[in-house]
Amino acid sequence: MTTITGEGAHEAAPPRVTHTEASPGDCSIVARGLTKRFRGGQVAVDDLHLSVPRGSVFGFLGPNGSGKTTTIRMLLGLISPTSGACEVLGRPMPGGLASALPKVGAVVEGPAFYPYLSGQANLLRYDAADPKADPRTARQRVGAALDRVGLGAAAGKRYRAYSLGMRQRLAIAGALLGPRELLVLDEPTNGLDPQGTREVRSLIKEIASDGTTVFVSSHLLAEVEQMCTDIGVMRTGRLVAQGTIAELRAGHEPRVRVETPHPAQAASVLNRLGLARVRTGEDDVEAELGGHAPEVVCAELVGDGVAVRGFTVVRPSLEELFVGLTGEGFDVDG
Amino acid sequence: MSTVETENSTSSAPTAADTPPEPGTGTATRGAAIGDASVAGGARSGAVARAAGAGHRDRSDASPGAARAVLRLVGSELGLTFRRPRNIAMLILLACVPVVIGVALKAFGSDEETPAIVTQVAGNGLMLTFLSLSMLVQLLLPLAVGVVAGDSIAGEANAGTLRYLLTAPAGRTRLLAVKAVNIGVFGLAACAVVAVSGLITGLVMFPVGPVTLLSGTTVPIMDGVLRVLIVTGYSAVGMAALGLVGLAVSTLTEVPIGAVAATVVTVVFSQVIGAIPQLGPVRPYLLTTWWSSFDGALRDPIATDVMGQGLLVFAAYALVFGAIAWGRFSGRDITS
């Protein structure tokens, strides 16, 4: 069941009925009542309850300025919550930072590197900062990470000379320096061309297939729809929906729309076939397709002598669902 | 498209349940897995056993491992500092000053009004080192150290690299300590560059022999070199104390140039205060007052009381500003 927290609903973490029993032990990230109020009174994140199942690809959606990055910064111990608590890989943050973060790869708010160092030297620098990274394998791990994002050939080039897409890839390579249990990727495809975006998507799927949990934030819904198993939707600092893609789709069945001069006759055919929620218009009829094959429905209509002018199957995209949830489009600056 | 998604979501779900990520393989190669082994749930018993094995192995060398990791980060930090073109340029500039002084003295000689130490250079090349350090320790050396110290945290914050270092995770206290060490080493390097350049220039341009000290006694040349080392070390400690002031300032802002300027202004301000006779009672508490006190090493016996007091003031500054830096940095929200 999709859990949608309406305006003013303040109950604790809504129960998830999903494919995995979401006990806290099965979650890579758990947030309980997480709240961040910045100095000046601005509430960036407000009473956030979040559970990210282990092994999922979790899409963290929301318009710009809805509190996604602030949440990620709290999860990574960069800023401390005003109230509430969060756990990453079973360790409370920011207290358990030292034991949890070596197993977490992160891209936070775009790439940041030393411009006068090469890509390889930059990654070695970040690797040196990880107290649990083995220096003997550093070069090999850095090389592997660079190859994985397709930067092997540019390893010796200065970061200053990298294009925006290469910088973004280097940031992702930085998240892949060691064996990770969790990847936190904040807008990983920002600045990438369509080809690069596709590559990042397939890389994320590949990483996830090894059992690594991927927590990816985005304001691009289509992107999330294509690679995520689970979704959380933020709106002005609050989580307004959370669940698997299938759950969120439930109740938003594909509908069939028949354009015809004989709507009443068409409606009776659809009713006979057992389609739910038949709605008759002036010169069209709509109904939920359910499990029916559209071609069969169409053949029945024609067979019964209904003049079919147009026949469409309408699948509501997540975009439409979430515009309803957040009250705005996703590609809009919030 | 939508059917693909549905398949995707259902197929990856069992993957998550059946094959949990393998912390054993990860932690075994990544060192200290002690926490892992004790916290990991029973469902992952196989992985737990492996992690426990790894943890056990690591436990014996946990602290040397941690020390090695700190050394690695120090090495990375030093590499960054000493490969940075800006810092190299500053060191080269510092190295040039003794040469310029030497050439000037050689070319124009000295008259009655020149201070004793200057005329002594003409008699003994070794004195050029002392002269150079005493000229540079009040402005150019503090400037160089102020640039590196002021930039240390603020520069990383400004570039955004700080957030990646901290999520590595470098650890806030650990990173701050490494930064402090780095500043100290840079201060020492800057002083050493001046000393070495002064020594070489002195050896090449002036006669070198037994050294006549400020107190009038003459000591053998090796004793003189030893005193050069003492003076260099003393200056380096003074610069390190300033470095911690700069580090503290650096934790207060995300604008590196602001932190650098503030650090240098601190130096100039305290020199101005020190120059006002009416504010005499404040002088012993100023950092700048003690930087030139290394001329105690040019007396026989070495004026350990003055230099000791200087070192004490340096230590106090380092302690206070180190604590300020830590207090500020350990709890600060990193929003850059």
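**Loops, a glutamine and a helix pair**

Trainee: E187(A) sits in the loop between strand 8 (182-186) and helix 6 (194-209) of chain A. Is E187(A) buried or exposed?

Mentor: Heads-up: this is a predicted model, where local features need pLDDT of at least 70 and side-chain atom pairs pLDDT 80 or more, while totals for chains, interfaces and linings use all residues. Residues are numbered from 1 along each chain as its sequence is written, chains are lettered from A and ligands numbered from 1 in the order written, and side-chain values use heavy atoms, leaving out hydrogens and water. Buried means under 20% relative accessible area, exposed over 50% and partly exposed in between, using a 1.4 Å probe and protein chains only. E187(A) has 13%, so it counts as buried.

Trainee: What is phi of E187(A) near?

Mentor: E187(A) is a residue other than glycine, yet its phi is positive. The value is near 50°.

Trainee: And where is D47(A), which also has a positive phi?

Mentor: D47(A) isn't a glycine either, and its phi is about 50°. With a relative accessible area of 22%, D47(A) is partly exposed. Helices (H or I, at least four residues) and strands (E, at least two) are DSSP runs numbered from the N terminus. D47(A) belongs to chain A, residues 43-53, strand 3.

Trainee: Which residue is joined to M93(A) by a cis peptide bond?

Mentor: Omega is about 0° for that bond. Look in the loop between strand 6 (91-93) and helix 2 (97-100) of chain A. The partner there is P94(A).

Trainee: Over in chain B, which side chain makes a polar contact of 2.7 Å with the side chain of Q138(B)?

Mentor: Start in the loop between helix 8 (127-136) and helix 9 (140-159) of chain B, where Q138(B) lies. A polar contact is a pair of N or O atoms within 3.5 Å; within protein, one must be able to donate a hydrogen and the other to accept it, and residues adjacent in sequence count only if both atoms are side-chain atoms. Q138(B) also reaches the backbone oxygen of T288(B) at 3.5 Å with its side chain. The side chain you want is that of S292(B).

Trainee: How far apart are the C-alpha atoms of Q138(B) and T288(B)?

Mentor: Along the chain, they're 150 residues apart. The C-alpha separation is 7.2 Å.
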